[in-house]
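We will go from the whole chain down to single side chains.

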Amino acid sequence: MAIRYALPNGLTVVFEEQHAAKVAAFQVWVKAGSADERPDQAGLAHLHEHMLFKGTERRGPGEIARDIEAHGGEINAWTSFDQTVYHIVIASQFARTGLDILGDAVRRSAFDKEELAREIEVVCEEIKRSSDSPSRRASRALFSTAFQTHPYRLPVIGTEESVRSFTREKVLEFYHRHYTPQNLVLSVAGDLREADLRQWVEEIFGGDWGRPYAGPVPRPRDPASTGRRVVVQAEDVKEAYLHLAFAIPELEHPDVPALDVLAMIAGQGDSSWLVREVKRRQHLVNDVHASAYTPKDPGIFSVSLTLPPAQALKALTQTARVLEAMRVTAVTEEELRTVKAVLEAEAIFRKETVQGTARNQGSYQTSPGGLESEARYMEDIRNLKPEDLRRVAHQYLRLEHAVVTALVPASAEMTEAQVHAALDEAAKGPVLLPPERTARQAPPEAPARPARSTVGAARSEVFQEKLPSGATLVVRVEPHVPLFAMRAAFSGGVRYETPADNGITTLLSRTLTRGTSTLSADDVSQLGDLYAGSLSAQGGRNSVSLRAEFLSRYFEPGFRLFADCLLNPAFREEEVARERALLLQDILTREDKPSGVAFELFSKTLFREHPYRLSLAGEQASVEKLGPDQLRAYHRAHMDPSQMTLSVVGDVRVEEVLALAREYFGKSRGGAVPPKKVVPEAPPESPRLEKKVLSRAQTHLVMGFQAARLTDPWRIPLDVLSTVLSGQGGRLFVELRDKRSMAYSVSSFAMDGLDPGYFAVYMGTSPEKVDAALAGMRAELERIRDEPIPEAELERAKQHIIGSYEIDLQRNSSRAMLLALDTCYGVGLENFLHYSEHVAKVTAADVQAVARRVIDFNRMAMAVVGP
């Protein structure tokens, strides 16, 4: 249970004590975002997000991130219209240090003039990166159209012109106006004692800051809508991006719970009305999603669609017809009950990690209703009736007041007049109800289990057993939240593919949960919602897997649904055809994501023969030939229980897991083939460079080398090497972003495979900076190869890896994934149980040895994508 109190200076503190993991989260929520800016301050709230980590009176530039990472922590921030949030997650043994660093940054930021000039350049690179994203451009168009005078119409990040106009004086004015104790909330969760926290908070945040609070900034209100607003933009994109939106009230309005549930039923998840009708039955869109955006001031109910341009007008009409149906037709009691269960589960999932708990607390406490509004909101959800949803739909989803924005290719024939005609046609009817669903009742809940205290609880042991089929079962009991996660992993992935069937793993993963021999695709989606969880498959470079998460009270039915999808996928022609069409559309629109294009080009450049050169999504020619027969053959050959590793982690009982695992996976189905033998590829004999021209604001660079296998012991020193370079305290970030303002995004990556993978560095930068960026990337790689790493820098990297590992493993799903994949790949439990110990033993000599082994510019591959 969270506690809340206030310091004499007005700072509000909310705290929940949790001891399931030795981790603590600290978040400072500033109740000021981009909507609190004057016209001459556009982007200033977001700039603070950058500047607060750039040095204080006590800490120099880069020292904040280095200090946090040296103590195994992670630090970051985000900015919205209404808040700016600074957050740290750190091992609880270093909690006092983490809180001191966060307090120092928020309270005593230096705003050095030279650092400000450099960070302004970084933000301009971020703006260019954003302008290369069609989905972000489409979202900006929606907000600038839906809001006429309110600041929500403006981009949070600002414009290049506004950001370049900022001076230190202008920054300090905003800082002193908004960064005052009465305007802040400190949200804390994790492995701490209340008495310690109270003392630390008083020492770090207490006293007079010398900044009296001037009260909230008045914001202009938009007038009530008197008609439609339509904007169509023709640009260089491969698919169309449409938004259909309506004005709705602000967060504290009593209609918000009903609007949230209405959005879920309308277009969230595979069992929603729009997905079932417009995507799955009519095949009009690649994706559709509905949301009720209710910030501090009035917001919007929006439906976003991505789709082939030729189908834009028809998809808009049919989407509007479904919304019209929601205005005149009541949802079923069963649908409403299912969504209520999903919302309850989401509240539990949010609290699976300390940072999730802290974010939940901060979000509610900074809302006008305060921390108590969470309980009121959930009670309102529980009390909703079908007629409440119909009432809000009828009141707000009025096509005569719709906002429509469209981002379409220049070749598309779509005009504002055609949009109006499409909506007029929808308004005339008939309304469009989605297909009938099978009526289902939630299974009886498992008997309540005795509560198990997690105060001071140690992690449970890992239970492992070989089933009669040959399957390996791995179980770990984690009782601190009433959830469990499962992962079934099989060797395969792109590594088993050829140019002729490239994409088969991805297509199989998209169709594995689209129905079984006894269940339709809608049945599977509906049952997943009914059990308040999720079920999905994933194909990667080295494996294919099925994963699930459910509330633990639905353990048995959730397990049975998981097993049915894994053992008996139907691969029905209509489902395969639908997913194949969507996959082909993803392939067609690759160029809308230039950083992804750069990494695919890099893989093709580094690997000429090995399957790692192949795209995860496949190519048009290969995917077009894939059908149910190929998927069934792959499933039979490579996904038999005898080839499976199954992990189950969470609030479960080992004996129950074992009984169901033996029942479903205890026998081989026949048809399994031996593991495929893949010949590793020799590294390049000379440097390789490939370029692809794309008309974009940024150029994307990937430079790398062949590297380790998953089973190579030297991959751990390679992880340390990569961490020395990456992260906010890493060399690439400090040297190329902080000091030289070359990029917003710069990092390093190690892709370990069952065969030698790669180590690479990446940067997105302006075209005029490419030569300097490449020289800078190469210089940092040469330095880490040729010069021993100083002890302090080595320790920072190792502690950062160890801390991040602990932070990541808070989630059942993360533990289940690691246990399943490590066992499947032959790494065994050694990695899960002792990875941190192995990292701690790495020396500077180990890192330099692996750098000399990997970084050979005569065997380098490089990809350049941009104008």
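Contact here means heavy atoms within 4.5 Å. With that in mind, show the contacts of the protein chain: among those between residues at least 6 apart in sequence, 83% join residues at least 24 apart. A word on what you are viewing: this is a predicted model, where local features need pLDDT of at least 70, side-chain atom pairs count only at pLDDT 80 or more, and totals for chains, interfaces and linings use all residues. Residues are numbered from 1 along each chain as its sequence is written, and side-chain values use heavy atoms, leaving out hydrogens and water.

Next, select the C-alpha atoms. Along the principal axes, they fill a box of roughly 75 × 75 × 60 Å.

Now colour by burial, where buried means under 20% relative accessible area, exposed over 50% and partly exposed in between (1.4 Å probe, protein chains only). Of the 867 residues in the protein chain, 61% are buried.

Which residues touch the most other members of the largest nonpolar core? A nonpolar core is a set of buried Ala, Val, Leu, Ile, Met, Phe, Trp, Tyr and Cys residues joined through side-chain atoms within 4.5 Å. Select Leu242, Leu244, Val261, Leu262, Phe301 and Leu389: these hold that place among its 67 residues. Then zoom in on Phe301, whose contacts, leaving aside residues up to four places away in sequence, include Leu244, Phe246, Ile248, Leu259 and Leu397. A second, separate core has 59 residues, among them Ala345, Leu483, Phe571 and Leu660.

Finally, select the charged side chains, counting Lys and Arg as positive and Asp and Glu as negative, without His and the chain ends. There are 105 positive and 117 negative ones, and the centres of the two sets lie 2 Å apart, with each charge placed at NZ of Lys, CZ of Arg, CG of Asp or CD of Glu.
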